[in-house]
Amino acid sequence: MTSREEELKKRKTYLQIAGTACSCCHKSCKEAGVTSLLRCARCKMAHYCSKECQKADFQFHKLFCLAINELYNTEEAWYSCKGMESEWNKRKIYQMQLLGFVLERELTNYERHVWLNQPKCQICFKCPKDLKKLQTLIPCPNCQVVFCCSSDHWEKHRSKHNDLCATYQIMLDCEKIRYQPDQPLWAPEEFDENKSYPPLPRDWNEYFKWRKASQLLQHDSYCRVITNTLSLPLTILAALERFYERDKLHSIDDMVIHIAGANQYELLALMTFEEIMHVLPNIKTLHLVMVGLEMSSMNHGLPLQCCPRCTKENRQRVCSMYPMTYHDFAISLDYSQPHLVVGFNTGLYEDDTELWKPTIKCLLDKNLPCSFTSYSKEEATEDVKLLKEWSAKVLVGAKENKWRSNMPLAEPQEVDKFYYNNYYRTLFQGRVNKEKN
Ligand SMILES: [Zn+2]
Ligand SMILES: [Zn+2]
Ligand SMILES: [Zn+2]
Ligand SMILES: [Zn+2]
Ligand SMILES: [Zn+2]
């Protein structure tokens, strides 16, 4: 198996989490040709299309299943959130800590996701565990991932859900595309040569036309999935356009981009960064330097495969990885001055603010052009506030990013909330000159 296939196997689709697809093979009832899925009797949170799938998944599922069972047995007052979403969330987060305690380790991302997004009635917040024998949650017939415990409760929830049901369906369609391991995520080699960069086209539609991929536009979900990864190089290009004059930009043949706080999202999208070379035809070598505590190993200048056209033209793309913070990387011998530093969906103000603080200080000291993105307006606004507190000179603050992802993702800790990668962007460079004031 390739690492991408392995990674896909580890991740679970929203249908699997909702219990409407097999926890092992990703198939829905219809795809597996069965009328209903078998449910794990112990934890009631894993579903299988066949005994074979249950057996195959057992090793993977066993420890988490036993931990849930232990929690069920020991936790008194299991259900007492009185139909209040905030109470439900609080409880699930508390129970998640208990689960970690039982397992004697932190929960994996998958386990967290499964636990927090388990099927529940949208009105009274009952889970399968809380229901009487023979009573089951009733799924929405259109999206199959949102439930109520009775037709009464559906009656109450229907109008609220109708607006969101379409987004759920888009999200599920996108997942279907993303979970096909052989799906090429982006490939066209042809251009409309009459148009040259910069500036970038007006929007995604124009962009796909420019890149001679207009046939894509007929497949809405496929387009959306592509924007999720293509958002990374396009957000970089839009920032380069803001920081460099046209001639300067075209004269760079050795382009160095640093990605601060890099994680799985950027790693799985590595291929799409080649788009920077396609838009800037004078680049001979593109250096991608991924710096972040989530990088698994140290790598210096790993050559990556390029498309046939770039290969023929002897252009290359190299990737380096540093499992450390950016400010530690900056004092290492491997450090060299980049053309741009990017941070995707950083959430400076929220997570690891103390780790980001010295990183931002280092970026400001070095007067480097920086482009950071956030999931939402609120987060972006908080990030900008913090950057200003640290006296960064903010050039573009919390503005909607037209190269954001159009692929909805379900907010793991909230009901009926979606988010999009790189939705807002913030550009900054150096410090505001305090002496002048
Ligand atoms: Zn199966
Ligand atoms: Zn189980
Ligand atoms: Zn209910
Ligand atoms: Zn629905
Ligand atoms: Zn290429």
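Accessible areas here come from the Shrake-Rupley method with a 1.4 Å probe, and for residues only the protein chains shown count as cover. The model is predicted: local features need pLDDT of at least 70, side-chain atom pairs count only at pLDDT 80 or more, and totals for chains, interfaces and linings use all residues. Residues are numbered from 1 along each chain as its sequence is written, and side-chain values use heavy atoms, with hydrogens and water left out.

Select the whole protein chain. Its accessible surface comes to about 22,000 Å², 50% of it from carbon and sulfur atoms. The C-alpha trace spans about 70 × 50 × 40 Å along its principal axes. Of the 437 residues, 53% count as buried (under 20% relative accessible area, 1.4 Å probe, protein chains only).

Colour by pLDDT, the predictor's confidence in each residue from 0 to 100. The chain mean is 88, and 93% of residues reach 70 or more. Next select residues 3-10, helix α1, where confidence is lowest at a mean of 60. Where pLDDT is low, the predicted coordinates should not be read in detail. Then move to strand β9, residues 340-343, where confidence is highest at 98. Helices (H or I, at least four residues) and strands (E, at least two) are DSSP runs, numbered from the N terminus.

Now select residues 377-389, helix α16, and pick L387 within this helix. L387 counts as buried because its relative accessibility is 1%. Leaving out residues up to four places away in sequence, show what L387 touches: L348, I360, A392, V394, T426 and F428 (contact means heavy atoms within 4.5 Å). Finally, select Y326: its C-alpha atom is 16 Å from that of L387, with the two residues 61 apart along the chain.

Notes. Chains lettered and ligands numbered in written order. Buried < 20%, exposed > 50% of the residue type's maximum accessible area, 1.4 Å probe, protein only.
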